[in-house]
Amino acid sequence: MDERKYLKVDIQSSGIRVLKGDKGRIGGAGPAGAKIFVFDDTVANVPTTSKFVENSPYSLELEGESGILKLYDAVVTAIESPVPKFYEFETKAGIPYNQIALLHGKDCLATTPVQTCIYWNTPDRCKFCGIGISRKKGTAAAVKKPEEIAEVADAAKRLDNVTHVTLTMGTMRVADKGIRVLSKCASAIKDLTGLPIHVQFEPPDEIRFIEDLYSNGVDTVGVHIESFDEKVLREISPAKARIGSDRFVEVWKRSVEIFGENQVSSFIIVGLGEDDRSVIEGSRTLAELGVYPFVLSLRPIPGSDLENEVPARFERMKRIYEEVAVIIKDAGLSWKRSKAGCVKCRACSALDVFEEDV
Ligand code: SF4
């Protein structure tokens, strides 16, 4: 194995034992239980607090923002874990900025405007999700006002060179599924900062709600099917399974019409019990629609229903990334063309490394 070149894949599959220094965020939407590391030409969101990490051969002692990554006793590379300056500030109402939004990756500000989901306390909740966990631990405000998020985005842009914003959310019990809330936040951020904005949502009851996002300054959207294996989806994410893949296709198509090719994405999680073909053919389906398949390994978030699982192993992820990178290239897609969000951030998937190879 070319350890250095595919280091991102290996540390995302194995995790890093942080022996000294902050281990990163515990819960939240998206791949939590992890910490952001910058090294070589990439940036990686790496599991640090999940149970399986205890067995990782990788370890790190951080001195401030820097450390030396080791594989057993051998030095692998110097690694950075940036601590943003905007975390030192708070709003006029006394809410710390880092309870409103966090730095993701190198230059992406991310937040969950409403940190709840109608499925959280029901059997329908996505088993990999940790949206209710950071709220329980009091590390994030439950509801963030649009003007507060905009204020933090402005500070993050000035102090930490943030260049784009990701807004994600649990599902709300309204026909738009929360899109109106996201629109208001996007509009406030855009007015104050002009930053490119990415939002993520479940397919709404009516497609017209998506147009709202565009007129409120949203640049890219993520509509995440999570798995193309219907049996797996029914088990892991029952609410999404009920929506059905036809509806997802409809929403992806309309979203591409509105936001353009490469500006729409879907997470595909590897390691939920699906086979490689479902990931690869699912990626092909997305790419043919102009949707970027954001393939990543499962993150067993501490406190989530899947906390005792392990991520997909290195060999499997490498094999899948290699095939998906070709599909992406053939469709003319690339993380480099994305204006905002997870695809541009690229911290949670290692596809960027493989795009370089094709
Ligand atoms: S890829 Fe998305 S979820 Fe992952 S760190 Fe970046 S913005 Fe956050």
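Predicted model: local features only at pLDDT ≥ 70, side-chain atom pairs only at ≥ 80, totals over all residues.

1. Helix 5 passes helix 8 in a right-handed crossing, and on the helix 5 side the contact is made by Ile210, Glu211, Leu213 and Tyr214, which meet Val251, Arg254, Ser255, Ile258 and Phe259 of helix 8. The axes of helix 5 (residues 208-215) and helix 8 (residues 245-259) come within 10 Å and cross at roughly 30°. Because angles under 35 degrees count as roughly parallel, helix 5 is described as roughly parallel to helix 8.

2. The second pair consists of helix 3 (residues 146-160) and helix 4 (residues 179-193), whose axes come within 8 Å and cross at roughly 40°. Helix 3 and helix 4 are therefore classed as oblique to each other, and their crossing is right-handed. Helix 3 contributes Pro146, Glu147, Ile149, Ala150, Glu151, Ala153, Asp154 and Lys157 to the contact, while helix 4 contributes Lys184, Cys185, Ala188, Ile189, Leu192 and Thr193.

3. Is Cys185, which takes part in that helix contact, buried or exposed? Cys185 lies in helix 4 and is buried, with a relative accessible area of 1%. Leaving aside neighbours within four places in sequence, Cys185 is in contact with Pro113, Pro146, Ile149 and Leu167, and of these Pro146 and Ile149 are also listed on the helix 3 side of the helix contact. The C-alpha atom of Cys185 is separated by 9.8 Å from that of Val218, which is 33 residues away along the chain.

4. The open sheet has 7 strands in the order 7-8-9-10-11-12-13, and its pairing is mixed. Strand 7 (102-104) and strand 13 (291-297) are the edge strands, each of which pairs on one side only, and the twist from one strand to the next averages 25°. Within this sheet, strand 11 (residues 220-222) and strand 12 (residues 264-270) run parallel and are joined by 2 bridges, with Gly222 standing opposite Ser265 of strand 12.

5. Which residues does His164 touch, when those up to four places away in sequence are not counted? They are Asp107, Cys108, Leu109, Leu195, Pro196, Lys339, Ala340, Gly341, Lys344 and Cys345. His164 is placed in strand 9 (residues 164-167) and counts as buried at 0% relative accessibility. Two of its contacts deserve a check by eye: the side chains of His164 and Asp107 are joined by a polar contact of 3.3 Å, and the side chain of His164 also reaches the backbone nitrogen of Gly341 at 2.9 Å.

6. Most residues other than glycine have a negative phi. Asn161, in the loop between helix 3 and strand 9, has a positive phi of about 55° although it is not a glycine, and Asn161 is exposed, with a relative accessible area of 57%. Glu226, in the loop between strand 11 and helix 6 (230-236), likewise has a positive phi, near 75°, but Glu226 counts as buried at 6% relative accessibility.

7. Strand 5 (residues 66-71) is paired on both of the following accounts. With strand 4 (residues 58-63), strand 5 pairs in the antiparallel sense over 6 bridges, and Ser59 stands opposite Lys70 of strand 5. With strand 6 (residues 74-80), strand 5 is joined by 6 bridges and again runs antiparallel, and the bridge partner of Ser66 in strand 6 is Glu80. The covered face of strand 5 carries Gly67, Leu69 and Leu71, whereas Ser66, Ile68 and Lys70 make up the uncovered one.

8. The turns on either side of this pairing complete my list. Strand 4 and strand 5 form a hairpin with 2 residues between them, and in that turn Gly64 has a positive phi of about 65°. The hairpin of strand 5 and strand 6 also has 2 residues between the strands, and there Tyr72 takes a positive phi near 55°.

Notes:
Residues numbered from 1 in each chain as written. Heavy atoms only, no water. Helix = DSSP H or I, 4+ residues; strand = E, 2+ residues; numbered from the N terminus. Buried < 20%, exposed > 50% of the residue type's maximum accessible area, 1.4 Å probe, protein only. Polar contact = N/O pair within 3.5 Å; in protein donor to acceptor, adjacent residues only side chain to side chain. Contact = heavy atoms within 4.5 Å. Pairing = 2+ DSSP bridges. Axes fitted to C-alpha atoms, helices over the stretch in contact; angles between N-to-C directions. Parallel < 35°, antiparallel > 145°, perpendicular 65-115°, else oblique. Left-handed = near helix turned anticlockwise from the far one by under 90°.
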